[in-house]
Amino acid sequence: MASVTLEKINKVFGHTHIIKDVDLKVGDGEFVVFVGPSGCGKSTLLRLIAGLESITGGELKIADGVVNDLPPRERGVGMVFQSYALYPHMSVYENMAFGLKLAKMANETVDDRVMATARILQLEDLLHRKPKELSGGQRQRVAMGRAMAREPRILLFDEPLSNLDASLRVQMRNEIARLHHRLGSTMIYVTHDQVEAMTLADKIVVLREGRIEQVGSPQTLYQQPATKFVAGFIGSPTMNFMPAELLGSDDKGCKVKAPGLGELALPQDASGETRGAVLTLGVRPEHLRLAEAEGENSFEIVNVEYLGNEVYVYLEPKAGDTLLIHRSEAPSRWDIGQRVALVPDLEHVHLFDTHDRALDLIKRRQAA
């Protein structure tokens with residue numbers, strides 16, 4: 001096991017600046033997930049750590065040693081790819097042993113490591129099979145086993161579950177989580193799926209256009225997003241957003257006016273914003289309550305999705321702006337075509353400034 005430290009890491013391809021001044025510390029034994037939309041640089045950042053791409057600028061440390069110029073085989077990392085990258089003509093045993101034999105390890109050592117890894121991943125009964133005889137989940141476990149058999153200090157995963165169907169993804173997520181708890185290894189995992197990020201990570205790194213937008217635990221990113229981008233990316237269904245005019249603020253909070261919701265007294269510190277500024281109000285679907293329509297607070301239900309244990313209600317404001325979503329436990333008494341009022345839970349409303357940064361809660365700022 002080992003820590004990973006990135007200091008002002010940059011990567012430039014030709015005239016395109018992909019990774020921009022990334023600073024990050026991955027602790028010994030942590031499970032860290034890089035997440036973000038396509039093109040944000042998460043896979044490139046993983047390849048820089050692995051040594052599969054050269055670093056344009058900055059310093060990369062594994063444990064206490066700078067590894068910028070070390071080839072991949074000398075960094076003590078193992079990588080699991082999205083495509084499995086198994087040799088089709090080799091058995092499971094041979095695939096897992098291949099890297100060890102290239103390193104000229106003794107046959108006895110190779111056999112001990114392969115068998116120990118096979119026991120951990122429950123592959124003992126599959127060692128004689130070829131990849132074409134395995135399911136997608138089994139192939140992914142073999143790919144993990146091949147990396148683990150080398151006993152790397154750090155395990156890297158590049159979207160390893162993307163090729164699996166929904167039920168297998170859930171199963172493999174569980175297996176990877178159990179594997180981390182059993183081994184205590186340092187793991188860095190790349191995904192575009194925020195559900196994978198939320199369920200697997202000790203710490204999530206949200207990337208946007210080559211920069212880190214926010215780093216924190218799944219709970220922190222969900223409950224205290226630092227920016228509107230993070231608030232919209234983390235959570236499914238996504239957070240509801242609407243414009244809100246700042247009417248005034250004091251040491252107890254601020255007052256805003258939002259279309260359809262009227263005036264709201266919120267506990268955010270808006271002292272740095274000017275009166276009349278157009279801010280963004282955000283509220284998660286589970287923090288909206290539906291009531292009988294009243295006056296200007298009137299939204300039309302345009303769709304109701306029943307998911308068994310919960311219901312999503314889609315609502316359209318009078319002005320026809322972006323749809324809003326309400327989530328509640330099933331069953332629901334609301335039907336398409338009804339007009340309802342929206343009542344947000346003010347303790348769970350988020351407010352973002354004109355630069356899309358989250359405004360601090362008064363009590364959090366006072367505690368600091």
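Which residues are buried in α5? In this predicted model, the buried positions of α5 are L168, M172, R173, I176, A177, L179 and H180. These residues are covered by elements that include β3 (31–35), α3 (107–121), α4 (136–148), β8 (186–191) and α6 (194–200).

Five aromatic pairs are present in the structure. In one of these, the ring centres of F31 and Y189 are separated by 5.9 Å and the planes meet at 40 degrees, so the pair is tilted. Because F31 belongs to strand β3 and Y189 to strand β8, the pair ties together parts 158 residues apart in sequence. F31 counts as buried, at 0% relative accessibility, and Y189 is likewise buried, with a relative accessible area of 0%. Y189 also forms a tilted pair with F157, at 5.6 Å centre to centre and 35 degrees between the planes. This second pair links strand β7 (residues 154–158), which holds F157, to strand β8, which holds Y189, across 32 residues. F157 is buried at 1% relative accessibility, and F31, F157 and Y189 form one aromatic cluster.

The largest pocket has a volume of about 620 Å³. Its lining consists of 22 residues, with V77, G78, M79, G99 and R150 nearest the centre. Two or more lining residues are contributed by each of β6 (77–80), α2 (92–102) and α4, and the largest share, four residues, comes from α2. By class, the lining contains 15 nonpolar, three polar and four charged residues.

Conventions: Residues are numbered from 1 along each chain as its sequence is written. This is a predicted model: local features need pLDDT of at least 70, side-chain atom pairs count only at pLDDT 80 or more; totals for chains, interfaces and linings use all residues. Side-chain values use heavy atoms; hydrogens and water are left out. Buried means under 20% relative accessible area, exposed over 50%, partly exposed in between (1.4 Å probe, protein chains only). Contact means heavy atoms within 4.5 Å. On a 1 Å grid over the protein atoms alone, a cavity is a set of points where a 1.4 Å probe fits but cannot get out, and a pocket is an open set with protein on both sides within 12 Å along at least five of seven lines; lining residues have an atom within 4 Å of a point. Grid points are joined across faces, edges and corners, and a volume is the space filled by probe spheres set on the points. Ala, Val, Leu, Ile, Met, Phe, Trp, Tyr, Cys and Pro count as nonpolar, Asp, Glu, Lys and Arg as charged, and the others, Gly among them, as polar. Rings of Phe, Tyr and Trp (its six-membered ring) pair if their centres lie within 6.5 Å; planes under 30 degrees apart count as stacked, over 60 as edge-to-face and the rest as tilted.
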